[in-house]
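Please keep the sequence and the structure in view while reading.

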Amino acid sequence: EMQEGNLVFDIPGAMVAVSFEPFPVPDGEAERYAASNYFWPEAVAVTKRHVAHLMIAVLPRDMAPVEAGKTYVKVITSCLEAENAIGVYTSGTVLEPEFYRNGAAAMEQGELPLLNWLHFGVYQNEYGSNGYTIGMDAFGKDELEVLGSQHTLEEVRTFLFDMAYYMLETDVTLKNGEIIGFAAEQKLSFKRGDGVAVDGHSIQIAY
């Protein structure tokens with residue numbers, strides 16, 4: 001059903017809304033966050049070209065968050081078929097259309113489209129390597145952070161990817177002070193505290 005430029009429709013377990021906004025994302029927000037995409041050097045320059053945008057929402061009724069997330073990716077991938085689509089602003093960054101399509105294709109092999117859902121930020125400071133997620137809150141979970149690690153930035157990013165994938169695939173919620181490991185010799189401790197690189201609380205992992 002079209003309502004003043006908005007496309008609204010129901011699917012089993014959820015409602016989907018696609019709204020056309022005939023102007024750029026306000027306050028240069030999309031361009032600012034595009035700078036965080038280390039996979040796409042041209043992200044800022046390309047994003048500056050946009051003159052309008054679509055706002056897309058999947059509002060679950062009795063649909064599980066991960067299934068709603070998959071539907072969200074499918075709807076966005078369909079919208080990327082539009083001739084003038086130049087990027088996807090989501091989870092604190094702007095993704096290249098081809099990158100987003102490749103992430104969506106992972107669902108055909110039964111995998112989660114994690115790189116479409118989450119941004120994995122990494123940075124270095126005097127304490128070591130640090131990393132964080134943006135997007136876990138969409139699934140009702142705290143963001144993840146690694147602070148002051150002696151691993152490389154790439155190792156921190158890979159670790160956060162694996163941890164987030166495990167949490168969303170198994171729908172596990174990490175508890176304050178819990179210890180977990182992916183191997184017999186590995187013991188990782190967690191604490192829940194005020195986010196350092198993210199808003200609100202985060203699960204901070206000793207890695």
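**From one bridge to the whole chain**

Arg192 has Ile203 of β12 as its bridge partner. In this predicted model, that bridge belongs to the antiparallel pairing of strand β11, residues 188–194, with strand β12, residues 201–205, which extends over five bridges.

**The sheet**

- The open sheet is built from six strands with mixed pairing, and their order is β7-β8-β9-β12-β11-β10.
- Because β7 (119–125) and β10 (179–180) stand at the edges and each has a single partner strand, one side of each is left without a neighbour in the sheet.
- In general, the strands of a sheet pair through backbone hydrogen bonds, in either a parallel or an antiparallel manner.

**Overall fold**

- Across the protein chain, the secondary structure amounts to six helices and twelve strands.
- The radius of gyration is 18 Å, close to the 17 Å that the globule rule gives for 207 residues, so the protein chain is as compact as a globular protein of that length.
- Taken along the principal axes, the box filled by the C-alpha atoms of the protein chain is roughly 55 × 40 × 30 Å.
- Among contacts in the protein chain with a separation of 6 or more, 52% are between residues 24 or more positions apart.

**Burial, surface and charge**

- Of the 207 residues in the protein chain, 41% are buried.
- The protein chain has an accessible surface of about 11,500 Å², and carbon and sulfur atoms hold 53% of that surface.
- There are 13 positive and 30 negative side chains in the protein chain, with the centres of the two sets lying 3 Å apart.

Terms used. Residues numbered from 1 in each chain as written. Predicted model: local features only at pLDDT ≥ 70, side-chain atom pairs only at ≥ 80, totals over all residues. Heavy atoms only, no water. Helix = DSSP H or I, 4+ residues; strand = E, 2+ residues; numbered from the N terminus. Rg over C-alpha atoms; globule rule 2.2 N^0.38 Å. Buried < 20%, exposed > 50% of the residue type's maximum accessible area, 1.4 Å probe, protein only. Contact = heavy atoms within 4.5 Å. Areas by Shrake-Rupley, 256 points an atom, 1.4 Å probe, with all protein chains shown as cover. Lys, Arg positive; Asp, Glu negative; His and termini not counted. Charge placed at Lys NZ, Arg CZ, Asp CG, Glu CD. Pairing = 2+ DSSP bridges.
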